[in-house]
Amino acid sequence: ESDFYIDAQRAMLISWKHSPQSAGPILEWYKRIELCNGNAGLVKGNSGDSVLELHTNFYKLDETQIQRIANLYGTNYYVGLADQQLTFERVYSDSTYAIFKIK
């Protein structure tokens, strides 16, 4: 799962594991986290709580939020859960995940 972007030969919009180390990129990283968290910001507390909240909220993004992120960053695909019901074209699915092509 953590190396999927390498296997798929695609850039990753955001990664908790690969956070930047200087001021400008940190601000952009945080902006992306907020977007992927449904603009909910991050919970106050330990990083484990924040990661869990981000993981939960990312898979609850609606199509409008996903499309907004795609428009801002030129994203072509969304990796969601297999049981998500989105109108985007489903180009791959297994028992856990689905890849949707964003219109």
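The largest nonpolar core has 17 residues, and the ones that touch the most other members are Ile-66, Tyr-78, Leu-86, Phe-88, Phe-100 and Ile-102. Keep in mind as you look around that this is a predicted model. Three elements, α2, α4 and β3, each give two or more residues to the core. The largest share comes from α2, with 4 residues.

Let's pick out one member, Phe-88. Leaving aside residues up to four places away in sequence, Phe-88 touches Glu-63, Ile-66, Gln-67, Phe-100, Lys-101, Ile-102 and Lys-103.

Now turn to the helices. Helix α2 covers residues 23-36 and helix α4 covers residues 63-73; they pack at an angle of about 155°, and their axes lie 10 Å apart. Angles over 145 degrees count as roughly antiparallel, so α2 is roughly antiparallel to α4. Where do the two helices meet? On the α2 side, the contact is made by Glu-28, Lys-31, Arg-32, Leu-35 and Cys-36, while α4 brings Arg-68, Ile-69, Leu-72 and Tyr-73. Sorted by class, this contact has 5 nonpolar and 4 charged residues, but no polar ones.

Finally, find the strands. There are 3 of them in an open sheet, ordered β1-β3-β2, with antiparallel pairing. The edge strands, each pairing on one side only, are β1 (77-81) and β2 (89-93). On average, and ignoring direction, neighbouring strands of the sheet are turned by 30° against each other. Strand β3 spans residues 97-101 and is joined to β1 by 5 bridges, the two running antiparallel.

Key: Residues numbered from 1 in each chain as written. Predicted model: local features only at pLDDT ≥ 70, side-chain atom pairs only at ≥ 80, totals over all residues. Heavy atoms only, no water. Pairing = 2+ DSSP bridges. Axes fitted to C-alpha atoms, helices over the stretch in contact; angles between N-to-C directions. Parallel < 35°, antiparallel > 145°, perpendicular 65-115°, else oblique. Contact = heavy atoms within 4.5 Å. Nonpolar A, V, L, I, M, F, W, Y, C, P; charged D, E, K, R; others polar. Core = buried A, V, L, I, M, F, W, Y, C linked by side-chain atoms within 4.5 Å. Buried < 20%, exposed > 50% of the residue type's maximum accessible area, 1.4 Å probe, protein only.
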